[in-house]
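Here's a quick briefing to read with the model open beside you. Take a look at the fold before going through the points below.

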Amino acid sequence: NYSGNLENLAEQFKDATDDLEDAFGNGRNLNGSADEARRVLDIASRIDQEIYNNRRGGGGNLQGQWNSMRQDLDMIADAYGYNNGNRGNRRNRNNGGWRNNFPF
(Lines give C-alpha, C1' and ligand atoms only; values in the text may rest on other atoms or scores of the structure.)
Protein backbone atom coordinates (compact mmCIF):
# COMPACT_ATOMS: atom_id res chain seq x y z
CA ASN A 1 0.00 0.00 0.00
CA TYR A 2 2.99 2.31 -0.20
CA SER A 3 3.43 4.70 -3.07
CA GLY A 4 6.13 4.30 -5.68
CA ASN A 5 7.92 7.07 -3.82
CA LEU A 6 9.00 4.60 -1.12
CA GLU A 7 10.56 2.30 -3.70
CA ASN A 8 12.40 5.27 -5.23
CA LEU A 9 13.61 6.36 -1.79
CA ALA A 10 14.78 2.82 -1.03
CA GLU A 11 16.90 2.85 -4.20
CA GLN A 12 18.35 6.24 -3.29
CA PHE A 13 19.04 4.98 0.23
CA LYS A 14 20.87 1.91 -1.08
CA ASP A 15 23.00 4.07 -3.37
CA ALA A 16 23.74 6.53 -0.56
CA THR A 17 24.78 3.79 1.87
CA ASP A 18 27.03 2.24 -0.79
CA ASP A 19 28.64 5.65 -1.35
CA LEU A 20 29.09 6.11 2.41
CA GLU A 21 30.71 2.72 2.76
CA ASP A 22 33.12 3.49 -0.08
CA ALA A 23 34.00 6.94 1.26
CA PHE A 24 34.34 5.71 4.84
CA GLY A 25 36.69 2.94 3.78
CA ASN A 26 38.97 5.45 2.07
CA GLY A 27 41.32 6.20 4.96
CA ARG A 28 38.54 6.21 7.56
CA ASN A 29 38.54 9.99 7.59
CA LEU A 30 35.15 11.19 8.77
CA ASN A 31 35.60 14.54 7.08
CA GLY A 32 36.00 12.76 3.78
CA SER A 33 32.71 10.90 4.16
CA ALA A 34 30.59 13.49 6.02
CA ASP A 35 28.66 14.48 2.90
CA GLU A 36 27.76 10.86 2.22
CA ALA A 37 26.64 10.38 5.84
CA ARG A 38 24.49 13.51 5.60
CA ARG A 39 22.90 12.15 2.41
CA VAL A 40 22.14 8.79 4.07
CA LEU A 41 20.52 10.53 7.04
CA ASP A 42 18.52 12.90 4.82
CA ILE A 43 17.11 10.06 2.74
CA ALA A 44 16.40 8.06 5.90
CA SER A 45 14.40 11.00 7.21
CA ARG A 46 12.34 11.03 4.01
CA ILE A 47 11.75 7.28 4.35
CA ASP A 48 10.64 7.79 7.96
CA GLN A 49 8.13 10.36 6.79
CA GLU A 50 6.84 8.15 3.97
CA ILE A 51 6.35 5.20 6.33
CA TYR A 52 4.67 7.44 8.91
CA ASN A 53 2.33 8.95 6.32
CA ASN A 54 1.30 5.48 5.11
CA ARG A 55 1.17 3.64 8.44
CA ARG A 56 -2.53 2.84 8.05
CA GLY A 57 -1.77 0.65 5.06
CA GLY A 58 -0.95 -2.42 7.12
CA GLY A 59 2.80 -1.93 6.95
CA GLY A 60 3.59 -3.11 10.46
CA ASN A 61 6.24 -5.54 9.21
CA LEU A 62 7.94 -2.81 7.21
CA GLN A 63 7.80 -0.46 10.19
CA GLY A 64 9.44 -3.10 12.39
CA GLN A 65 12.24 -3.68 9.90
CA TRP A 66 12.82 0.04 9.53
CA ASN A 67 12.91 0.52 13.30
CA SER A 68 15.76 -1.97 13.59
CA MET A 69 17.65 -0.11 10.84
CA ARG A 70 17.16 3.14 12.74
CA GLN A 71 19.58 1.86 15.37
CA ASP A 72 22.34 1.71 12.75
CA LEU A 73 21.35 5.13 11.44
CA ASP A 74 21.55 6.54 14.96
CA MET A 75 25.10 5.16 15.24
CA ILE A 76 26.01 6.95 12.02
CA ALA A 77 24.44 10.17 13.27
CA ASP A 78 26.34 9.89 16.56
CA ALA A 79 29.67 9.11 14.89
CA TYR A 80 29.39 12.09 12.56
CA GLY A 81 28.14 14.39 15.28
CA TYR A 82 24.57 14.80 14.08
CA ASN A 83 22.36 14.64 17.15
CA ASN A 84 18.81 13.39 16.89
CA GLY A 85 17.27 16.73 17.76
CA ASN A 86 19.19 18.79 15.25
CA ARG A 87 21.04 16.73 12.67
CA GLY A 88 21.97 19.82 10.73
CA ASN A 89 24.53 20.80 13.36
CA ARG A 90 27.63 18.72 13.85
CA ARG A 91 28.94 18.34 17.37
CA ASN A 92 32.32 17.12 18.56
CA ARG A 93 32.96 13.67 17.13
CA ASN A 94 36.39 13.03 18.60
CA ASN A 95 35.13 11.21 21.66
CA GLY A 96 36.85 7.88 21.44
CA GLY A 97 35.88 4.68 19.70
CA TRP A 98 33.52 5.88 16.99
CA ARG A 99 34.98 3.38 14.51
CA ASN A 100 33.72 0.53 16.68
CA ASN A 101 30.16 1.82 16.40
CA PHE A 102 29.81 1.49 12.65
CA PRO A 103 27.63 -1.29 11.27
CA PHE A 104 30.01 -1.90 8.35
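What pattern does the chain follow, read along the sequence? The answer is α-α-α, with 3 helices and 0 strands making up the secondary structure. Keep in mind that this is a predicted model.

**The chain as a whole**
- The chain has 104 residues, and 31% of them are buried.
- Take the contacts with a separation of 6 or more: 62% of them come from residues 24 or more positions apart.

**Helix H1**
- H1 is 21 residues in length and spans 30 Å from its first C-alpha to its last, close to the 30 Å you'd expect at 1.5 Å a residue.
- Which residues of H1 are buried? They are Leu6, Leu9, Phe13, Ala16, Leu20, Ala23 and Phe24.
- As background, an α-helix has 3.6 residues a turn, so residues three or four places apart point the same way.
- Turn to the face of H1 directed away from the buried side, and you'll find the exposed residues Gly4, Glu7 and Asp22.

**The aromatic pair**
- How many aromatic pairs does a search of the whole structure find? It turns up 1.
- The partners are Phe13 and Trp66: their ring centres are 5.6 Å apart and their planes meet at 65°, so the pair counts as edge-to-face. The cut-off for that label is an angle over 60 degrees.
- Phe13 belongs to helix H1 (residues 4-24) and Trp66 to helix H3 (residues 60-80), so the pair ties together parts that are 53 residues apart in sequence.
- Are Phe13 and Trp66 buried or exposed? Both are buried.

**A charge over a ring**
- Arg38 has its charged end over the ring of Tyr82, at 4.7 Å from the ring's centre.

**Leu62**
- Leu62 is found in helix H3.
- With a relative accessible area of 29%, Leu62 is partly exposed; the buried label would need a value under 20%.
- Leu62 and Ile51 are 11 residues apart along the chain, and 8.2 Å separates their C-alpha atoms.

How values were computed
Residues numbered from 1 in each chain as written. Predicted model: local features only at pLDDT ≥ 70, side-chain atom pairs only at ≥ 80, totals over all residues. Heavy atoms only, no water. Phe/Tyr/Trp six-rings, centres within 6.5 Å; stacked < 30°, edge-to-face > 60°. Helix = DSSP H or I, 4+ residues; strand = E, 2+ residues; numbered from the N terminus. Buried < 20%, exposed > 50% of the residue type's maximum accessible area, 1.4 Å probe, protein only. Lys NZ or Arg CZ within 6 Å of the ring centre and 35° of its normal. Contact = heavy atoms within 4.5 Å. Expected span 1.5 Å × (residues − 1).
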